[in-house]
Amino acid sequence: MSTLTFRNKQGELVDIPSIPATRLKNEFGTVFDRAMREGAVAITRHDTPRAVLVSYEEFESLAKARSTPLEDRRAQFDALLGRMQTPAARKGMEAAFNATPTELGRAAVKALGRRKPASKKGRIRAGR
């Protein structure tokens with residue numbers, strides 16, 4: 001069975017524990033408390049998620065996120081676009097689009113915080 005994940009009210013990507021529907025029926029109080037504590041519990045039937053029991057706080061957070069007015073989204077987009085239009089951002093994008101593959105590779109290694117690419121020792125090459 002695949003693990004279910006969702007973004008909680010703090011914005012963290014978390015795994016949702018799964019509970020068989022039979023256990024929900026027999027231990028509703030325990031499952032309810034777990035949903036309250038962890039934010040959500042997936043209810044499965046034959047190892048397939050069929051429903052999710054969420055805490056009221058998580059429900060409010062999800063409902064609020066879905067009901068964000070278009071004007072708020074437009075304002076967020078405009079602010080992001082404005083940050084992307086600065087001279088420094090334009091210079092950076094121009095450099096990225098005009099970079100050679102070697103320059104892009106060096107930038108990627110630098111972004112990883114390493115001075116040299118990882119050693120090839122122990123790697124298996126195709127055809128050998």
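Is Phe59 buried, exposed or partly exposed? In this predicted model, Phe59 has a relative accessible area of 46% and is therefore partly exposed, since the intermediate class lies between the 20% limit for buried residues and the 50% limit for exposed ones.

Phe59 also takes part in an aromatic contact. The count of aromatic pairs comes to 2. In one of these, the ring centres of Tyr56 and Phe59 are 6.1 Å apart, and the ring planes meet at 35°, so the pair is classed as tilted. The angle falls in this class because stacked planes must be under 30 degrees apart and edge-to-face planes over 60. Both residues belong to helix α3, where a spacing of 3 residues places Tyr56 and Phe59 about one helical turn from each other.

Ala65 and Lys9 are 56 residues apart along the chain, and a distance of 9.5 Å separates their C-alpha atoms.

Helix α5 covers residues 87-98. Helix α5 is hardly covered, as the count of buried residues among its 12 residues is 0.

Terms used
Residues numbered from 1 in each chain as written. Predicted model: local features only at pLDDT ≥ 70, side-chain atom pairs only at ≥ 80, totals over all residues. Heavy atoms only, no water. Helix = DSSP H or I, 4+ residues; strand = E, 2+ residues; numbered from the N terminus. Expected span 1.5 Å × (residues − 1). Buried < 20%, exposed > 50% of the residue type's maximum accessible area, 1.4 Å probe, protein only. Phe/Tyr/Trp six-rings, centres within 6.5 Å; stacked < 30°, edge-to-face > 60°.
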